[in-house]
Amino acid sequence: METISGVHNPLVGCLITFLLPFIGGISVLVLRARPPRLAVLLGTACLIVGMLGLLLGVHQRAVGILLVGTAVAGIGFGAAFMGAMRVVMPLAPPTERSALMAAFYVICYLSASTLALCGGIMTQHLGLIPTTYAYGSLVALLSLAAFFGTLTQRPPEAESEPRARCTNPA
């Protein structure tokens, strides 16, 4: 944190580290009754805006902008994760949902850890600031792809207008 902002207080670094998952948890609580597609759209949009804010904070060396960008990215992280989970889980039969949940978490942790490891290696070769720009830009671009992918998908039947059901009287 000192390298980016010039602030020599370890609590500021701890606050930024704490803020993303904390705000993400709050966004899950607030959005849990909303349709999953809306949560994914809101989440990916907030991830884009949050990452751009975070990168602006790095560029400006402004702790306040970093904190706001992190908070907005936290909303996006929580909303997108919950929305994606709520989109995927109903696709599996109830007897197979625990296996799907395990696979979902393995994929999430592998993707996050792979990016973190690549970021660590890049930091050694390029430095912290260039790696931060590359990493943040990649997250924003992936979020943008997810946003447009979700936007162009047809909403699931449960979220679209109800249809009349034909029943067999026999």
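Guide: A crossing of two helices is called left-handed if the near helix is turned anticlockwise from the far one by less than a right angle, and right-handed if it is turned clockwise. In this predicted model, α3 passes α4 in a left-handed crossing.

Visitor: What makes α3 roughly antiparallel to α4?

Guide: The axes of α3 and helix α4, which spans residues 63–88, cross at roughly 155° and come within 6 Å. Since angles over 145 degrees count as roughly antiparallel, α3 is therefore roughly antiparallel to α4.

Visitor: How many nonpolar, polar and charged residues does the contact of α3 with α4 have?

Guide: Sorted by class, that contact has 21 nonpolar, ten polar and two charged residues.

Visitor: Why is α3 also described as roughly antiparallel to α6?

Guide: Helix α3, residues 36–60, and helix α6, residues 128–152, have axes that cross at roughly 160° and come within 9 Å. The cut-off for roughly antiparallel is an angle over 145 degrees, so α3 counts as roughly antiparallel to α6. The crossing of α3 and α6 is left-handed, and the residues of their contact divide into 16 nonpolar, seven polar and one charged.

Visitor: Which way does α4 pass α5, in a left-handed or a right-handed crossing?

Guide: The crossing of α4 and α5 is right-handed. Helix α4 packs against helix α5, residues 97–126, at an angle of about 145°, with the two axes 11 Å apart.

Visitor: Which residues of α4 and α5 make the contact?

Guide: On the α4 side they are F81, A84, M85 and V88, and on the α5 side L100, M101, F104, Y105 and C108. By class this contact has nine nonpolar residues, with no polar and no charged ones.

Visitor: Is V12 buried or exposed, and what is the relative accessible area of V12?

Guide: V12, another residue of helix α2, has a relative accessible area of 15%, so V12 is buried by the limit of under 20%. The C-alpha atoms of V12 and L67 are separated by 9.1 Å, although these residues are 55 residues apart along the chain.

Visitor: What makes A134 partly exposed?

Guide: The partly exposed class lies between buried, under 20%, and exposed, over 50%; A134 has a relative accessible area of 34% and so belongs to the partly exposed class. A134 lies in helix α6, and from C-alpha to C-alpha it is 9.3 Å from M122, twelve residues apart in sequence.

Visitor: Why does R61 count as partly exposed?

Guide: R61, in the loop between α3 and α4, has a relative accessible area of 46%, so it is partly exposed, the limit for exposed being over 50%. The phi of R61 is near 55°, a positive value in a residue other than glycine. Most residues other than glycine have a negative phi.

Visitor: What pattern does the protein follow along the sequence?

Guide: The pattern is α-α-α-α-α-α, with six helices and zero strands in the protein. Of the 170 residues, 31% are buried. Among contacts between residues at least 6 apart in sequence, 70% join residues at least 24 apart.

Terms used
Residues are numbered from 1 along each chain as its sequence is written. This is a predicted model: local features need pLDDT of at least 70, side-chain atom pairs count only at pLDDT 80 or more; totals for chains, interfaces and linings use all residues. Side-chain values use heavy atoms; hydrogens and water are left out. Axes are lines fitted to C-alpha atoms, for helices over the stretch in contact, and angles run from 0 to 180 degrees between N-to-C directions. Helices (H or I, at least four residues) and strands (E, at least two) are DSSP runs, numbered from the N terminus. Angles under 35 degrees count as roughly parallel, over 145 as roughly antiparallel, 65 to 115 as roughly perpendicular and the rest as oblique. Ala, Val, Leu, Ile, Met, Phe, Trp, Tyr, Cys and Pro count as nonpolar, Asp, Glu, Lys and Arg as charged, and the others, Gly among them, as polar. Contact means heavy atoms within 4.5 Å. Buried means under 20% relative accessible area, exposed over 50%, partly exposed in between (1.4 Å probe, protein chains only).
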